[in-house]
Amino acid sequence: MNEVKNWAYRNLKGDPVIWFIVLILSLFSILVVYSATGSLAYKMMDGNTEYYLIKHSVLVIVSLGAIWLAHRIDYRYYSKISRLVLWLCVPLLLFTWMFGTNINEASRWLTIPVINQAFQPSDLAKLALLVTLASMLSKRQQSIDDFQKAIVPMLFWIGLICGLIALTNFSSAILLFLTCMLVLFIGRVPMKYLGMLVVICASFGSVAFMVGQRGGTAISRVEDYINNDTPYQAKQAYIAIASGGVIGKGPGQSDQRNFLPHPYSDFIYAIILEEYGMIGGVLILFLYLALLYRGMKAAEQNDRAYGGLLSAGLSFALVVQALVNMGVAVGLGPVTGLTLPFISMGGTSQLFAGVALGIILSVSRGEIDNFGGAIGNQYKEAA
């Protein structure tokens, strides 16, 4: 036990509670994805039911490696490369919209040659935008009322990136816009400028609605929800939740995984509720809320505006996406294509979520390294 504590102290810096939460979510992800993909793997891989288990486990390990690597880098360095990455994302998003791999009538993916791995440029763009926004806000705190120099660049980037993402994914664009609004509010941007951002993003969104790929789908899903016209995937999710009850059917005992579309990604929370019941569902919800709390605590304790805004923005982006995914599964909102971070089976989306969490840990690590030296020494002595 002492050796484990010493190893953890040397290698896992930052908030230990966040590390504990991500490890629990990762282990839970492997269990649920294995259950949700068993039938699919049997049909698609000639009876090899472990195919997706192995593939997803590798992705989980890679994601944990991304968290570890990102948290070892001083979070201040991310601001130096985020603007360059943001410029790179603009042509990538346009190229994806016009020539990307089309799945379910949406071109959201590019296929990386050689490794044949699907990649969503929108995931990179969301991360780069939030890092850039935190950097801009922190540098302009003393001139936050200067509209031309302080406000215009931020409004431009938010409107442009959200508009480009909306061409293929309305739900992700709306979620990113709301997160940016929250970061601007925390960064003391006057309300009149937040109102202008709403107008700007509405304009970009209107253009994306007319020329994009998912405008009609977004409207039909909202209309179905308002008119209580439950779509097929939502009905199957409700059946899964109802049959799970309080304690669930048990790991690997899901029946609705054979009927529910995308039970390993968009509707994985319904499988969790079916197999682990309300107890398991509440536990997962608690872990995400605890992650938000620790991320906001790191933001509050950081003595730099950039670190605080960065941790707050990324924490809200991850947890709000999780809450929306869970809300859709239980019928609290229209169907979206948003996954459950750290649990749903994914590719590069899981990798970028890991990088985001690593940056949050880097912010908390800075506080522990700077102000927690005495506590760290006590921990080492106790170990």
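Over residues 267-293 the chain is 96% helix and 0% strand, with its end C-alpha atoms 25 Å apart. Helices here are DSSP runs of H or I with at least four residues, and strands are runs of E with at least two, numbered from the N terminus. The model is predicted: local features need pLDDT of at least 70, side-chain atom pairs count only at pLDDT 80 or more, and totals for chains, interfaces and linings use all residues. Residues are numbered from 1 along each chain as its sequence is written, and side-chain values use heavy atoms, leaving out hydrogens and water.

Residues 81-100 are 95% helix and 0% strand. The end C-alpha atoms of this span lie 25 Å apart. An unreviewed UniProt entry annotates both 81-100 and 267-293 as "transmembrane region". Such annotations may be inferred rather than shown by experiment.

Ser29 lies in helix α2 (residues 16-44). Ser29 is buried, at a relative accessible area of 0% (buried: under 20%, 1.4 Å probe, protein chains only). The side chains of Ser29 and His56 form a polar contact of 2.6 Å. A polar contact pairs N or O atoms within 3.5 Å; within protein, one must be able to donate a hydrogen and the other to accept it, and residues adjacent in sequence count only if both atoms are side-chain atoms. Leaving out residues up to four places away in sequence, Ser29 touches His56, Val60, Phe342 and Ile343 (heavy atoms within 4.5 Å).

Helices α7 (residues 170-186) and α8 (residues 191-211) have axes that come within 11 Å and cross at roughly 165°. The axes are lines fitted to C-alpha atoms over the stretch in contact, with angles from 0 to 180 degrees between N-to-C directions. The angle therefore makes α7 roughly antiparallel to α8 (over 145 degrees). Phe170, Phe177 and Met181 are among the α7 residues in this contact, and Leu194, Cys201 and Gly205 are among those of α8.

Note on methods: Buried < 20%, exposed > 50% of the residue type's maximum accessible area, 1.4 Å probe, protein only. Parallel < 35°, antiparallel > 145°, perpendicular 65-115°, else oblique.
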